[in-house]
Amino acid sequence: MNCRLLTRNNTKRRNALSDADSPQRRACPGAGTWLCFSALWLVFGPFQEAGAAVVPQRLAGVLRSRCLECHAADDPSGDVDLSVVLSPKVSDSASLTKLWTRVEKMVASGKMPPKDEQPLSKTQRDSVLAWYRENYVLRDDKEHIGPTPLRRLTRYELENTLEELLQIRLKQPYVFSPQSAGLLPSTIERLYPADTAGQSGFDNDAVRLRDVKVPMEKYLACVDYALRVFGQSSEARQKLFGFSDKSTKLAAADAERIVNRFARRASRGYENSAERKLILAAYLKSARKGTSYQALRDAARRALVSPSFLYRLEVSRESKQPYEVSLTELATRLSYFLWASMPDEELFRVAEDGSLGEEAVLRKQVERMLDSPKRIALAENFAGQWLGFDGIKRNPVYYRGEKWTRGVYDELLFSFDELIKSDRSILEIVDADWVYVRPELHRGTGGRPKSDKARFADIFAERRSREGLQVEAFYRPPELRSVKNNRLGGMITSTGILRVTSSPNETKPIRRGVWLLETIIGEEMKPPDNVPPLSESQKKLGKQKATGIAEILKLHTEKPACRSCHQHIDPLGLGLENFSPIGRWRTAYKDRKPVRSGGVLPNGRKFSSPKQLKQELLTFYRQQIVDNMIRKMMAYALGRKMQPHDRPTIKRIHDELVKNDYRMFVLIEQIVMSPQFRKRQDQ
Amino acid sequence: MTRSYLIPRRTFLRGSGAAMALPLLEIMSPAVSRAADTTDRKDRLRMCVLYKGCGVNPNAWDITGGSETKFELSKLLAPLESHKRDITILRGIDSNLRANGGHVQATLAFMTGELKKSNFKQSVSFDQVIADAIGGSTPVKSLVLRGDPYIDQGDPSENYLSYDLQGNPLPAEPDPEVVFSRLFRGFDNAGYRAKTVSVLDQIKESYGAVAGKASARDKKTLEQYLESVRDVEKRIGQFQSSDDSVRQKRIAGIKEIAGGSHMGDRIHAMLDLIALAFWTNTTRVASLMMAHTESRGTYEFIGIKREFHALSHFVRWRGKIPQYDKVNRWHVGQLSGFLDKLKSYQDAEGTVLDNSVVLFGSGIKHGDYHSVADLPLILAGGCGGQIKLGRHVHYQHATNSNLLLKLMNIMGVNRKQFAGSTEPLPGITEMGTFRPEVVDDGSWKVQSVKGNQVVLKGLLKISVTDDDPNLYVLQLSDGTQREIRASFGNINGSKLDVYVGSVMTVTGRLKTAAGKQVITNVNRFEVQK
């Protein structure tokens, strides 16, 4: 067979397919073979900013002499054609950024030129890295933060914000009965469509929200519903309007004060007198015909349907340079980052009296906010999407015995919250000496904290149902325990993660390995074409005895093209084989063949148990894991994908984390203090 | 037998123990009288797409033998026996992809006919072209629904079938109760409409006040808000103008609907909703994703505990086939039940089924190979007497976008082109003049043997009877077959599945193993046009 032809045809198809591929499932880990490189660069992000500058002679010389011999136009090795960087067209800028980012990564990590070639000289290497820094990281020799996108509330944020603004409860109460469990959708969740993740990996991605139409009819239904719930709560009426009797008659001045205050809170302090007047006018018009309560309610509706409620507007200076946002804008950014909701009274107050401008006050507010049960948003919304355990909730296909499912979900929720609550190292996501575990699995765990407060996550106190007793009767939440054996500890071996990365009946080592690489280590993966079935490898093994999944996989991925990725994937997935699809520890398969959780990492390090795998992850992949966690949390905080110009900030945060035992608070605080978070840039 | 899946809502809520109740927007106003149903027949045509991902087992789907009008239904199609005169089974229609697709591509191309560059924006889907042209005369322009709860988070594009005229994906609605209130409550109330109109006017005022102060970039984003306002205005206008008495009378008899607890119930409920929406002329265009193309859904209500998508990769493990077939048969059964329903509703002229066209199918044929040639497709309903029914039409590599163009035309959309296609598919409104099978002219035979190099011509078939994904067979004129072995179903980088059903000349090495002649190392093949 003509090998050359085969390669080219395959490449063509891969190109065609990759057009429709998602940004989330990408290319191979940086294994550094040609093929892997090719899979990596096919990923184009449409919203890059950097233009296409002309490559200086010297760098062009380096590229010509050291790269283009293989990566040239006609049949470029690994389908990476670097000749385009020498004659860039303006229309190419997005793909050029991508291409240069890959080039920089390969050169910086020393993976290119390949091992059997002479490495680049220091001057050659520096010329590549400097070019990248000047053209993609910096602008006019200065750091910048890229244009700040306009944020629209997601469904999750909308529900939270309506709760806070109207002082009502909309979330599905934490109710358990024989028929229903705590994972049922709330009314808002049923009325309003779910958001989908954008390029940042999160559903609060501003670009994605911009591209999806506002489901207006449903949005209005949500507003109506929230106002109806509000109308039914005398407590809420009292808090917001200062009276609970619906027939109360207000003096004009009082009414104006209430309306103004509500409107100001609804737009989170975005000053706009023209709109304020419109809302007041709505009150006055309605007050002529009905009661003060009805008129206030109409004014509230008026404020809720304004774009300044659904969008987080900020005052613009139309500047190319980053500039500080106002304190109310900062307060809003902060509350949506930490609570996925609007600022509460106190945060508004420190923003309005100017004290939030002092770093000490800002830091104190972050601390206070992380002490509040509302921080659950970070576990539920950020970690849920990042680690993928929100799939347990979003996809009812995982509902097999609802009580079980809620417990599984809560283990993850409480574990991530524990990192915040006790300010632990973010590396404890991978391995820890504690675990949140369901009561039925307490065996094998050790002591528990003395106080109930420390033992149970208190974050759901506010979401308990009114029928509180019923909860305890049907459901005992996971408890914090110390780990006694060498099995549990770290979220990556929690039941939920192990379940989501398996099929119901069997483990999927490759799915688990890919999950670790993409989610924890932060590699971009792309599924290959033309995968031969496992059965083929099984057949080859034929009569050999003791064929386990490891041997089958080894044969299955023996081709060099497969190896380049699978040498990274397989050991990680196989290292978790001791955990069944539902996360139970096992030492033998159903057919009594022994389970072996072991393997060799690409650096040659061997391990033979999940615990050892976790330790290897924390050494071999530590840099990448930390970098990935920063990027993920920043992307969530900023509502956008990370770009080359974010690198200096990411590096600074990384350095701070290394100095401070990787503490969660340091990560959060550093993001809040970063220019990306505190500043705005318009172009 | 027609069963009603409309469980009274109250009963459902009691049964499920759920503590919450959805807000039913408003209670209906009394009927506003207008003229009786004198609408033109062409204004009563309806179109529905029922999509099920994950392909089929070709051996169980394909009808063998017979003629265009006389044929026996296959194993998977058997649930349609009572509707044999209401359907036309389409064979030999290929996706526009022309190369084996992944899940995403198969989903994207099914209703749009093509793939666009961006992974999120696509070209418009054919249902939305129809909705845009005819949806203006009904309260709701189109319904976009899903019954499969699975949402793929890894790749959002997999979750959509319908794209609006600007190429934005339209999220499918998952909750039957919410759809119910939107269709038969809410805007049917004139008071509620008036209230909403005034709210929308307020929004436009606010927009004016707010947008003026936003940055140029933000202003662009905000425009989207205004666009959504205009959409609702249009919709309200449609409710208003179609406030006729026939519709009101029909709606008055409808009981509230509950979704049920499992996927099967939800799919039933969605199909019932479509039937009701068609009958009451609330909408004339609908699509339902019955199974996601990468569905991790299980069908425990029919005893299937494995994920549907996992079952669809059956070649690696043939034990899955009975379960895979069972799920696919269940989907065909749903189609059959849906046709019962449409038939049971009387329209002014004939039944609702007579005035509808239903397209049922999947974006891939072979569930494991993801082959995109010879898609499994069924048309049902006469579309106002236009479609010739009771047939099994076998095309020779027709293109899906031609079919979509044809469907648009018979739905009254005067469009000459869609997704690169300029020819409406023949053989829908008239008999097919195609030969049912490739005609064996006697030339299918071994043409030359030199050493172990053999050149032979024959009809390429897929082998799923053997536990071997790399095995194909070449049918020769003398009735014998030769096996072809192609690594990963690949020859020179081309997936062989694309050419299954075609006559081809193959050059390769001849080996004899276990008494059988097998062609390996194929280095050349040519497909007969």
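1. Lys457(B) stands opposite Thr505(B) in strand β14(B). The structure is a predicted model, in which local features need pLDDT of at least 70 and side-chain atom pairs count only at pLDDT 80 or more, while totals for chains, interfaces and linings use all residues. Residues are numbered from 1 along each chain as its sequence is written, and chains are lettered from A and ligands numbered from 1 in the order in which they are written.

2. The strands around that pair belong to chain B. Strand β9 (residues 453-462) and strand β14 (residues 503-513) of chain B run antiparallel and are joined by seven bridges. Strands, like helices, are DSSP runs numbered from the N terminus: a strand is E with at least two residues, a helix H or I with at least four. Two strands are said to pair if DSSP finds at least two bridges between them. β14(B) also pairs, in the antiparallel sense and over nine bridges, with strand β15 (residues 516-527) of chain B. Here Arg509(B) stands opposite Thr520(B) in β15(B). The hairpin of β14(B) and β15(B) has two residues between the strands, and Ala514(B) takes a positive phi near 50 degrees in this hairpin. In a regular strand the side chains alternate between the two faces of the sheet.

3. The confidence of the prediction deserves attention. The model scores ipTM 0.77 and pTM 0.79. For chain B the mean pLDDT, the predictor's confidence in each residue from 0 to 100, is 81, and 84% of the residues reach 70 or more. The pLDDT is below 50 over residues 1-36 of chain B, a stretch that has 67 contacts in the model beyond near neighbours in sequence. Two residues are in contact if their C-beta atoms, placed from the backbone, lie within 7 Å. Where pLDDT is low, the predicted coordinates should not be read in detail.

4. The largest nonpolar core has 119 residues, of which Leu50(B), Ile130(B), Leu273(B), Ile274(B), Leu288(B), Leu407(B) and Met408(B) touch the most other members. Such a core is a set of buried Ala, Val, Leu, Ile, Met, Phe, Trp, Tyr and Cys residues joined through C-beta atoms within 7 Å. A residue is buried if 20 or more other C-beta atoms lie within 10 Å of its own, exposed if 12 or fewer, and partly exposed in between, with C-beta atoms placed from the backbone. Helix α9 (residues 263-279) of chain B gives the largest share of this core, twelve residues. The core lies between domain 1 (9-25 + 49-182 + 244-397) and domain 2 (446-527) of chain B, because both give residues to it. The domain bounds come from an automatic or database domain assignment.

5. Ile130(B) touches Met47(B), Val285(B), Met408(B), Met411(B) and Val413(B), not counting residues up to four places away in sequence.

6. Lys121(B) is found in the loop between α3 (103-112) and α4 (126-134) of chain B. Lys121(B) is partly exposed, with 15 other C-beta atoms within 10 Å. Leaving aside residues up to four places away in sequence, Lys121(B) touches Lys116(B), Gly167(B) and Asn168(B).

7. Chain A has 32 helices and eight strands. Of its 683 residues, 47% are buried. Among contacts in chain A between residues at least 6 apart in sequence, 72% join residues at least 24 apart.

8. Helix α24 (residues 509-521) of chain A is mostly covered, with eleven of its 13 residues buried. Among the buried residues of α24(A) are Arg512(A), Trp515(A) and Glu518(A). Gly522(A), which follows α24(A), has a positive phi near 85 degrees.

9. Most residues other than glycine have a negative phi, and most peptide bonds are trans. The peptide bond from Met112(A) to Pro113(A) is cis, with omega near -5 degrees, and Pro113(A) lies in the loop between α4 (93-108) and α5 (122-137) of chain A. Asp140(A) has a positive phi near 50 degrees and is exposed, with 8 other C-beta atoms within 10 Å. Arg592(A) has a positive phi near 75 degrees and is exposed, with 6 other C-beta atoms within 10 Å.
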